[in-house]
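Please work through the exercises below with the sequence and the structure side by side, trying each task before reading its solution.

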Amino acid sequence: MSFTGEYHNILDQKSRFSIPAKFRKSLHPENDRTFIITRGFDRNLILYPLNEWKIVEEQLSSLGSIKSKHRTFIRNIVRYANNVQFDSQGRIQISDNLLEYSKISKKIVVIGMIEKIELWDPDALKNHEENIQNNISEDDFESLANEIKF
């Protein structure tokens, strides 16, 4: 299973969009057409296949809940997480609170991130990329590329 590539889509009147066919085909059958959708860290949304979300839950559980910062972090990840199952046309619905958070209104950019999928408002993605360009040097990219032997 691997999600790669960028796709542009439109939300319908019921706040649904179609997951690219390539991504639907990449989803392992054990996920039963189900994703978990939640807030991302960059004012975007993230779709996790069910099996990947279980890994996220295990990692979050390892933080424990004794420390306040751990509880707050876990709460901010899981409180917005919803199960969504795509229909026969490959569409999933995005809740109003997640649309508001991500500023997605009509157009949506769908980006494969290997084990998960990011959903962006096109303008928010453009602004984010412009800000990142100002914060990450070519040396940073080169250093990361060397770490993974790219």
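The model is predicted, so local features need pLDDT of at least 70 and side-chain atom pairs count only at pLDDT 80 or more, while totals for chains, interfaces and linings use all residues. Residues are numbered from 1 along each chain as its sequence is written, and side-chain values use heavy atoms, with hydrogens and water left out.

**Exercise 1.** Find the largest nonpolar core and say which elements supply it.

Solution. Begin with the terms: a nonpolar core is a set of buried Ala, Val, Leu, Ile, Met, Phe, Trp, Tyr and Cys residues joined through side-chain atoms within 4.5 Å, where buried means under 20% relative accessible area, exposed means over 50%, and partly exposed lies in between (1.4 Å probe, protein chains only). Helices (H or I, at least four residues) and strands (E, at least two) are DSSP runs numbered from the N terminus. The largest core has 23 residues, and those with the most contacts inside it are Phe17, Phe35, Leu47, Ile94 and Leu119. At least two residues of this core come from each of strand 3 (34–39), strand 4 (45–49), helix 4 (96–102), strand 7 (107–112) and strand 8 (117–120). Helix 4 gives the most, with three residues. Apart from this core lies another one, of eight residues, which include Ile46, Trp53, Val56 and Ile74. As a general background, nonpolar side chains in soluble globular proteins tend to be buried together.

**Exercise 2.** Which residues of helix 3 are buried, and what covers them?

Solution. First, the buried residues of helix 3 (residues 68–78) are His70, Ile74 and Ile77. They lie on the same side of helix 3, because they cover an arc of only 65° around the axis, the arc being that of the directions from the helix axis to the C-beta atoms. An α-helix has 3.6 residues a turn, so residues three or four places apart point the same way. Finally, the cover over the buried residues of helix 3 includes strand 3 and helix 2, counted by contact, that is, heavy atoms within 4.5 Å.

**Exercise 3.** How many salt bridges are there, and which residues form them?

Solution. A salt bridge is a side-chain nitrogen of Lys or Arg within 4 Å of a carboxyl oxygen of Asp or Glu, and by this rule the count is two. In one, the side chains of Asp12 and Arg16 meet at 2.8 Å, N to O. In the other, Arg91 pairs with Asp87, and the closest N and O atoms are 2.8 Å apart. Turning to accessibility, Asp12 counts as partly exposed because its relative accessibility is 25%. Arg91 also counts as partly exposed, at 22%, and Asp87 is partly exposed at 22%.

**Exercise 4.** Locate Arg43 and Lys103, and give the phi of each.

Solution. Arg43 is in the loop between strand 3 and strand 4, and its phi is near 65°, a positive value in a residue other than glycine. Arg43 is partly exposed, since its relative accessible area is 40%. Lys103 sits in the loop between helix 4 and strand 7, and has a positive phi of about 65° although it is not a glycine. With a relative accessible area of 49%, Lys103 is partly exposed. For comparison, most residues other than glycine have a negative phi.
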